[in-house]
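The sequence and the coordinates come next.

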Amino acid sequence: MPPRNGDYIPTLAIRPSEMNGLEYLPGLSKDKMVPIILLAPWASSRSLEKALERVEKAFPRRRFFLDIDRDYAPTNLDSPAQMQWLELRNPSNQFAAWRDFLVDYPLVMPCLQLEEQTKEDISRQIENTQRQEREFCLRIELQRMPQNLNAAIEALVDIGTADFTVVIEGGWVRDPLMMYTQADGLISGVLANLDGRVPIAVSCTSAPKTFQDITGVEETPFSNHDLLDQIRRNTNREIVIYGDWGSTRPREDGFGRTPLPRIDYPTDDAWYIARNRDEGWDYQRAAQSIVNSPAWDGSLGIWGEEMIQVTTVNPEFAIDTPPKNVAARVNIHLHRQALYGSDISGIDLDEDWVD
């Protein structure tokens, strides 16, 4: 069954922080989301299959969309996993390597691959996916706008199916409202030819790229929900769904310096960031500042909040590295967005998290 209004479509790279944050979510919030996972090799593994094993561990027995992570850059062509990833990008024979790779993963709903594809090629991709009784996704990256998008829409219209989802992906933006014009133009333009039952998700991220100006506890709002509200007011589409990047950003080239200790705490429409270079805050002091701030809930009953709470006492058993901070942030953000609009303080999650 395709996603519905009220569901959540987060885009997640296969990186430790995202996978840990996803893994430790309660089942209640996992059941409200259909993530898009961006495929790239897992850590230093020699097989690309290890990446999907990590996803299965984090999101067991649930369906998810899968696309190729085009922001990933191979660094070692002697690595079998990296070579395998490159092979999946080969567009020959309607992306045969991509299709063959997915055969053994029945819970995967593939994203159509449009690079160098004709209308006929795209039609065959769709037919092959339908023969396997899978749903699929047309993911439109605005920063890599496919030149053959019209051909893809024509193929979808000709086949006459509604068993797929369209995701309009804005990537990183300074303000989500900046992508309204493009998203609305697509929905009222070429996408208007699609069956009205086809879900359309709108996704982007404005997660900060730098934290140097933050001293103390500062609020960083994000306007993804405002963007979605604007789009819903101006369309007659039946299903328009919220998406984001789970409080992260696409991969970027280069290596920065190790950041100062920092604790991030998501609320429904903002991230609260605790950091203080002038006073030399460590993770414990940053966590204490978050817990003592008006933004702190403390009753969500989820792993990410528990990690911050324990850090106020002993960071050695909780957050003592940047990846652990990000994992806790992702965990809280995904939970809040999956259950957005509900009173989630103190609810019975009916399961215990395992450290």
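Helices here are DSSP runs of H or I with at least four residues, and they are numbered from the N terminus. The model is a predicted one. On that numbering, N224 belongs to helix α9, which spans residues 224–233.

**Buried positions and their contacts**

N224 has a relative accessibility of 7% and therefore counts as buried, the cut-off for that label being under 20%. Apart from neighbours within four places in sequence, N224 is in contact with P176, C204, Y242, G243 and D244. N224 and D269 are separated by 45 residues in sequence, while their C-alpha atoms are 8.0 Å apart.

S203 is a residue of strand β7, which covers residues 200–205. Because its relative accessible area is 2%, S203 is classed as buried. Which residues does S203 touch, not counting those up to four places away in sequence? They are T11, V167, I168, E169, G170, G171, M179, G243, D244 and W245.

Helix α11 runs over residues 303–311, and its buried residues are W303, G304, E305, M307, I308 and T311. An α-helix has 3.6 residues a turn, so residues three or four places apart point the same way. The buried residues of α11 pack against α1 (16–23), β10 (263–266), α10 (283–291) and α12 (322–338).

**Positive phi angles**

Q94 has a positive phi near 55°. Q94 sits in helix α5, residues 92–102, and is buried because its relative accessible area is 12%. E116, also not a glycine, has a positive phi of about 60°. E116 is placed in the loop between β4 (108–110) and α6 (119–131). Its relative accessibility is 64%, so E116 counts as exposed.

**Surface patches**

A nonpolar patch on the surface is formed by L77, M83 and L86, which together have about 250 Å² of accessible area. One of these residues, L86, is in helix α4, residues 80–88. With a relative accessible area of 34%, L86 is partly exposed.

A patch of negative charge on the surface gathers D175, D226, D229 and D269. D175 is in the loop between β6 (164–172) and α8 (180–188), and at 30% relative accessibility D175 counts as partly exposed. D269, another member of the patch, is the residue whose C-alpha lies 8.0 Å from that of N224.

**Salt bridges**

Side chains of opposite charge can pair when their charged atoms come close. How many salt bridges does a search of the whole structure find? The search finds 22. Three of them are listed below, with the distance between the nitrogen and oxygen atoms.

| Acidic residue | Basic residue | N to O distance |
| E23 | R54 | 2.8 Å |
| E115 | R89 | 3.8 Å |
| D158 | K119 | 2.5 Å |

The salt bridge between E23 and R54 has its closest N and O atoms 2.8 Å apart. E23 is in helix α1 and R54 in helix α3 (residues 49–58), so this pair ties together parts that are 31 residues apart in sequence. Both E23 and R54 are buried.

E115 and R89 form a salt bridge with 3.8 Å between the closest N and O atoms. This pair links distant parts of the chain, 26 residues apart: E115 is in the loop between β4 and α6, and R89 is in the loop between α4 and α5. E115 counts as partly exposed at 34% relative accessibility, and R89 counts as partly exposed at 25%.

The side chains of D158 and K119 meet at 2.5 Å, N to O. Why does this pair tie together parts that are 39 residues apart in sequence? The reason is that D158 lies in helix α7 (residues 149–159), whereas K119 lies in helix α6. D158 counts as exposed at 53% relative accessibility, while K119, at 25%, counts as partly exposed.

Salt bridges also link residues into a network, which is made up of D67, R70, D71, R139, E141 and R144.

Conventions
Residues numbered from 1 in each chain as written. Predicted model: local features only at pLDDT ≥ 70, side-chain atom pairs only at ≥ 80, totals over all residues. Heavy atoms only, no water. Helix = DSSP H or I, 4+ residues; strand = E, 2+ residues; numbered from the N terminus. Buried < 20%, exposed > 50% of the residue type's maximum accessible area, 1.4 Å probe, protein only. Contact = heavy atoms within 4.5 Å. Patch = residues over 30% accessible without salt bridge, like charges linked within 9 Å, V, L, I, M, F, W, Y side chains within 5 Å. Areas by Shrake-Rupley, 256 points an atom, 1.4 Å probe, with all protein chains shown as cover. Salt bridge = Lys/Arg side-chain N within 4 Å of Asp/Glu carboxyl O. Lys, Arg positive; Asp, Glu negative; His and termini not counted. Charge placed at Lys NZ, Arg CZ, Asp CG, Glu CD.
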